[in-house]
Amino acid sequence: MPLPKWLVVARNEYRIRTSRIRKIRPYFPYLVIGLLAVYVAFITPAIVSLFIGDFLASLPPYALVPMMQIILFMVFFYFIIIPITYTLREEQAGQLEIFLAAPIKPSDILLGEFLGVMPIYAIAITLITGFFTAVAQVHMDLDLVQIAIIIIIFIVTFFSALWIGTVIAAVLRTRLGKTARGKDIGRALALVIALPMIAVMYAIMGGGLIQALIDPGTSGMVRAILSLLPSSWGAEIFGDFASVPGNISAVGLVTLARFGGLVAFFAVALWLGAKVADRAYSLEAVSFASSRAKPDGVFYKTVKSLGGSGSFGTLLVSVFKDYSRRLENLSKIFYMVGILVLVNIFFGRPDDPEGALLMPQLILPLLAAFVAGEVTLRGKEALFIYKKTPSGVGRLVKARLLHGWLVVVPIAAAIAAVTAILSSQLTVISFLSNVGLVVLTVAANVAFVLGLSLLNPAFSDKSGNYVLNLMIVMQGWGGLVLVSIIVLGRVFNLGLYQTLFLVTIPLSWLVGIVFLYLGKRRLSRIE
């Protein structure tokens, strides 16, 4: 008897995902299962007892369920965006094209894809569920039946989220994958959709959400909002069990109703997802729409005049156009601005002007990395065009440096200005000092990132060199700022503003100029 088509797809998907690992270590899946069992049985209870017990004991009973709802909502949302991000970044189109060439329904492909990756995602689900079962064992004295129900609830909840994300990703793949512009939009969305979850995480880390949970006046409102989501139904069962540990019969009917609702939601989601897949999911050949060039507007004319209105001005305008026509680049700028806004909302204090000045110094270098680090991402062939022209390397570096300044510096100045205005200790001197310090530092960041990207070129954003450059920018530059402030500032007994003006900014420009010179030489010798 032949296997169902969706099961064949699932088997092939699993084999593809694990082929490299199984070739190197055939016993690897069994090793993972053993390690997960040790983690759930021994490691997680020990971690909960040592590090989280006091925090759980400090939470009032009425805050437990909303806290669980928020945590499960974050995980639920995360499992939704994983397949969406994966699909929008075009990681899996080739294999699906092979399946769609065969006489298989789209719903079978989608269900098979989902089942094929379930064992892989089950690892993450086990890690998360193991933490909650440890909490139930160590601090709530739940019996084995209650713990087993909690495990099943979490598994159903997370797989429901994964299936919803898979269906949404399939629809987006169909709608956005038909044109090159649509794919660009998809890559832009892949980064921006993470901002809501980051906002919730910052709200927890900043303490505002925890305070809202502890306050009886706001705890009920938070719980009412979150109770509308399927991820909250399991948290409510968790809270019911915590109120009557070891006595499941006391909440048997309520547990049955909520558990049945969760299972029914998963079943309906599977059925609707299959119907949506049959109607909307397809992989059509990419079409290319011709574009018509328009005359340069006021903005590009201004950019050209800044470049000298000659051939270099034309080069600068072409660099701007090449950068701005890709929505993925603009989404990175929007993402970093969103991060800074969220940091100021949840961590900023109007009575702490020094903290408001220090935060952009640590975050804005990543914005410079996204903008200036794009110099080599179009491929090595694009760089050879400039190498073959007279003074092409120097003109390219100069144009990229000016482009980075024109993009990053105004954004940094605006953020610094708004942050300074919101400070309760605003003066004209502090306003000008904050804006000037941020502008000078970010300008040095652009020079450093541009030199680093040329010195260690990454010809794709999936390249290991690109990730390494981002890590160097964040950790290396953050370390330079913190060392100059903490060590050198204390040695010479300088305040924050004095340290930044006299130590941090000169060091930043020195490092930036050195890396820019080395990167230019590396580009001249690249083969």
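Analyst: A residue is called buried under 20% relative accessible area, exposed over 50%, and partly exposed in between. The model discussed here is predicted.

The arginine in question is Arg 400, which lies in helix H18, residues 392-421. Its relative accessible area is 8%, so Arg 400 is buried. The side chain of Arg 400 makes a polar contact of 3.2 Å with the side chain of Glu 374. Leaving aside residues up to four places away in sequence, Arg 400 touches Val 319, Asp 322, Glu 374, Val 375 and Leu 450.

Two of these neighbours lead further into the protein. Leu 450 is among the residues with the most contacts inside the largest nonpolar core, together with Ile 339, Leu 364 and Leu 523. That core has 72 residues. Leu 523 in turn touches Leu 383, Lys 387, Val 393, Leu 396, Val 397 and Leu 454, again not counting residues up to four places away in sequence. Another core lies apart from the largest one and has 45 residues, including Val 75, Ala 136, Phe 241 and Leu 262.

Val 375, the other neighbour, is also touched by Ser 453. Ser 453 lies in helix H19, which spans residues 428-455. With a relative accessible area of 4%, Ser 453 is buried because that value is under 20%. Beyond residues up to four places away in sequence, the contacts of Ser 453 include Ala 372, Gly 373, Thr 376, Ala 458 and Asn 469.

Val 487 lies in helix H20, residues 464-491. Its relative accessibility is 43%, between 20% and 50%, so Val 487 counts as partly exposed. Val 487 belongs to a nonpolar surface patch with Leu 482, Val 483, Ile 486, Val 491 and Phe 492. Together the residues of this patch have about 550 Å² of accessible area.

As for the whole protein, it has 21 helices and zero strands. Of its 527 residues, 45% count as buried. Among contacts with a separation of 6 or more, 82% are between residues 24 or more positions apart. The protein exposes about 26300 Å², and carbon and sulfur atoms supply 70% of that area.

To return to the part requested: Arg 400 is a buried residue of helix H18, with a polar contact to Glu 374 and a contact to Leu 450.

Definitions and conventions
Residues are numbered from 1 along each chain as its sequence is written. This is a predicted model: local features need pLDDT of at least 70, side-chain atom pairs count only at pLDDT 80 or more; totals for chains, interfaces and linings use all residues. Side-chain values use heavy atoms; hydrogens and water are left out. Helices (H or I, at least four residues) and strands (E, at least two) are DSSP runs, numbered from the N terminus. Buried means under 20% relative accessible area, exposed over 50%, partly exposed in between (1.4 Å probe, protein chains only). A polar contact is a pair of N or O atoms within 3.5 Å; within protein, one must be able to donate a hydrogen and the other to accept it, and residues adjacent in sequence count only if both atoms are side-chain atoms. Contact means heavy atoms within 4.5 Å. A nonpolar core is a set of buried Ala, Val, Leu, Ile, Met, Phe, Trp, Tyr and Cys residues joined through side-chain atoms within 4.5 Å. Patches are made of residues with over 30% relative accessible area and no salt bridge: like charges are joined within 9 Å, nonpolar side chains (Val, Leu, Ile, Met, Phe, Trp, Tyr) within 5 Å. Accessible areas come from the Shrake-Rupley method with a 1.4 Å probe; for residues, only the protein chains shown count as cover. A salt bridge is a side-chain nitrogen of Lys or Arg within 4 Å of a carboxyl oxygen of Asp or Glu.
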